[in-house]
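Hi everyone, thanks for coming. Please have a look at the model on the screen, and I'll walk you through a few of its features.

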Amino acid sequence: MTKALIVGGGIAGLSTAWALARRGMEVELFEQGPLPNPRASSYDEHRITRHAYGTMEGYAHLMPEAFRVWDSLWRAIGTTHYEPCGAVYFLRHDDGWYGGMSRSLDAMGIGYRDIPLDDVERRFPMVQADGLERVVATDGAGMLFPVRILTDLVVLLGRLGVRLRTGAPVSEVDPERGRVVADGAVHEGDVVVVAAGAWADRLVPGLRGVAVPSRQAVLYLSPPADLAEAWAAAPVMLEVRPEGGLYTLPPRRGTRLKVGDHVFSRSGDPDGDRIAHAGDLQRLWPAARAAYRDLHRYSVLEPKACFYTVTETEGFLVNPTGAAGWLVSACSGHGFKLGALMGELVGRAIAGEMPATEVTELAAGRVTHPRWRQAVAA
Ligand SMILES: Cc1cc2nc3c(=O)[nH]c(=O)nc-3n(C[C@H](O)[C@H](O)[C@H](O)COP(=O)(O)OP(=O)(O)OC[C@H]3O[C@@H](n4cnc5c(N)ncnc54)[C@H](O)[C@@H]3O)c2cc1C
């Protein structure tokens, strides 16, 4: 029986473990903290998922398969952690986003429509309507609930016999021999997968300076009472702005309203704290005030710092690293929605169901019309 060692228990590592365990492999997963780990990028109340990817069309075309993998997870855990509330894009400038979005959504048969600018204030009383060029509502989008997903995945993996080692930081990886050193002890397998998120460059030297850890800020807010109903019914909201994007997740299914920006700090130490300080928030506050009216009336529930990694193109690096090693570095700002699919693709490659090169190309977002050879097992 093939034995796989996995380093990292975020969405990428847990999904890879699930894909391999489902294929009958013996799997052992090493996580430096608890499972799930509140310090992981994957650990949050909600994450956006959507088919609309603007100019990153290769990623848009991964989404139908990504949704299928999530559906197979919902079947396996017996519940769904997806809220299909749609996404609305508020364009304050357009550098090709609309063209890329409409091309890929047309090709995938996903609906979208303009919202007349003179109807924005009525439908979205919280939005700063001045300066909007276009507003587009898209289907095939909503929110995933990561803490619940990670927790259910951990329980599922336990049921499948995966050995879960917590408080087990891996200090060395030998991708040629399929070995890791954790807590001073050597562990041997046939294949070792590094899915260590923002810490991955400490174990895979070639990643240094290529996938750069980036400390990012988010704000959890409580809206004033007169806007609470509008927020409770709001879709996922994304601002397309010249100085970088802003995204907002409404409070749904027991989560809080969250605002974050898509401007990368490209700095910070993932071992650092998770509280957003004034310096972390210096870009987010002005962007949020420009997007939403009366922001001073909102209460700040939590200013939080989190990490992901940034590559030059925002693409993922998912590839073999030696005779018996794989790297799953899909820890960018858009990696959660695709995390389960990345694990599944790596599982297919390790099981010999798909060429490794194809997985690398798909994960990098370089394939605009993928052809899926096999349906995901229920
Ligand atoms: C603020 C913010 C907002 C985001 N919004 C979205 C969104 O709306 N939609 C979306 O799709 N994506 C979003 N993302 C991105 C997404 O969350 C990440 O890309 C994804 O969760 C990365 O998962 P991962 O498993 O690669 O990394 P992680 O979740 O960080 O998992 C890596 C794990 O490896 C462990 N580890 C590291 N080193 C070692 C070691 N040496 N030994 C043992 N264990 C180790 C860590 O403790 C961690 O648990 C967002 C990210 C952030 C930070």
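This is a predicted model: local features need pLDDT of at least 70, side-chain atom pairs count only at pLDDT 80 or more; totals for chains, interfaces and linings use all residues.

Residues are numbered from 1 along each chain as its sequence is written, and side-chain values use heavy atoms, with hydrogens and water left out.

Back to our pair. Helix H9 covers residues 339-350 and helix H10 residues 356-363; their axes come within 9 Å and cross at roughly 165°. Helices here are DSSP runs of H or I with at least four residues, strands are runs of E with at least two, and both are numbered from the N terminus. Axes are lines fitted to C-alpha atoms, for helices over the stretch in contact, and angles run from 0 to 180 degrees between N-to-C directions. The H9 and H10 crossing is left-handed, meaning that the near helix is turned anticlockwise from the far one by less than a right angle (clockwise would be right-handed). Which residues make the contact? From H9 they are Met-342, Leu-345, Val-346 and Ala-349, and from H10 Ala-356, Val-359, Leu-362 and Ala-363, where contact means heavy atoms within 4.5 Å. By class, that is 8 nonpolar, no polar and no charged residues. Nonpolar here covers Ala, Val, Leu, Ile, Met, Phe, Trp, Tyr, Cys and Pro; charged covers Asp, Glu, Lys and Arg; the others, Gly among them, are polar.

H9 has another partner. The axes of helix H3 (residues 63-77) and H9 come within 8 Å and cross at roughly 90°, so H3 is roughly perpendicular to H9. Glu-65, Ala-66, Val-69 and Trp-70 of H3 meet Ala-340, Leu-341, Glu-344 and Arg-348 of H9. This contact has 5 nonpolar, no polar and 3 charged residues.

Now find helix H1 (residues 11-22) and helix H6 (residues 146-159), whose axes come within 10 Å and cross at roughly 30°. That makes H1 roughly parallel to H6. Their crossing is left-handed, and the contact residues include Trp-18 of H1 and Leu-153 of H6. There are 10 nonpolar, 1 polar and no charged residues in it.

On to the ligand. Of the 36 residues around it, Glu-31, Ser-42, Ile-48, Ser-332 and Lys-337 come nearest; a residue counts as near if one of its heavy atoms lies within 4 Å. A polar side-chain atom of Asn-37 is 3.2 Å from an oxygen atom of the ligand, and a backbone N or O atom of Gly-333 is 3.2 Å from a ligand nitrogen atom.

Finally, two loops. Leu-35 and Pro-36 are joined by a cis peptide bond, with omega about -5°. Pro-36 sits in the loop between strand S2 (26-30) and strand S3 (47-50). Asp-183, in the loop between strand S11 (179-182) and strand S12 (185-188), has phi near 55°, a positive value in a residue other than glycine.

Definitions and conventions
Angles under 35 degrees count as roughly parallel, over 145 as roughly antiparallel, 65 to 115 as roughly perpendicular and the rest as oblique. A polar contact is a pair of N or O atoms within 3.5 Å; within protein, one must be able to donate a hydrogen and the other to accept it, and residues adjacent in sequence count only if both atoms are side-chain atoms.
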